[in-house]
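Opening the notebook on a new model today. I want to look up ring pairs first, then strand pairing.

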Amino acid sequence: MNSTYSFEDMAVVIAHPGIGQLSLQGEGLGSITFAMANDMSQHDLAADGSVMTSKISAPNGTITIQVQQTSDAAKWLRRYINYVKTAAASEFAQATVVGSSKVMGVTHTCTGVSPQKRPDASYQQAGQQLSVTLLAAQMEEVA
């Protein structure tokens, strides 16, 4: 079976009740990465060589979003980070991120999302990508 990948098929929605939502489908979006923070399993090796496998249920991870530094997406992400920085602590991790690829049939749903830190400010002769890393308390992938 032949298939074709296109980043244009990736749709991303970032939402926070205090600032609204950002919907991306290409506009200024350079890349998005969903990364689990922990391993799913671990092995413990005994002196006799027997292996005990541990199943680890740790659903947290990171979302790294790269957008063009002059895009509306970059402006929205900066406003979001500034908003939660000064908002009540109860609002800090209320964001959600949902990313879905129609072609791959995969949806990533992230809740309890908060900014890891302010994005680095990098200025050169030519425009660059702004990289924002968000922490997610819960990440699910459905394929």
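Below are my entries on the aromatic rings and on one strand with its partners.

Entry 1, rings. I'm working from a predicted model here. For any ring pair I want two values, the distance of the centres and the angle of the planes. How many aromatic pairs does the search give? The count is 1. The rings involved belong to W76 and Y80: their centres sit 5.7 Å apart and their planes meet at 10°, so I log the pair as stacked.

W76 and Y80 both belong to helix α1 (residues 72-86), and because they are 4 residues apart, about one helical turn separates them.

The cut-off for buried is under 20%.

I moved on to β1, residues 10-16. In a regular strand the side chains alternate between the two sheet faces. Which residues make up the covered face of β1? I find M10, V12, I14 and H16 there, while A11, V13 and A15 are on the uncovered face.

Entry 5, partners of β1. Strand β7 (residues 95-101) pairs with β1 antiparallel, over 6 bridges. In that pairing I see V13 opposite V98 of β7. Strand β2 (residues 20-24) is also antiparallel to β1, joined by 5 bridges. There, H16 faces G20 of β2. I've noted β1 and β2 as a hairpin, with 3 residues between the strands.

Conventions
Residues numbered from 1 in each chain as written. Predicted model: local features only at pLDDT ≥ 70, side-chain atom pairs only at ≥ 80, totals over all residues. Heavy atoms only, no water. Phe/Tyr/Trp six-rings, centres within 6.5 Å; stacked < 30°, edge-to-face > 60°. Helix = DSSP H or I, 4+ residues; strand = E, 2+ residues; numbered from the N terminus. Buried < 20%, exposed > 50% of the residue type's maximum accessible area, 1.4 Å probe, protein only. Pairing = 2+ DSSP bridges.
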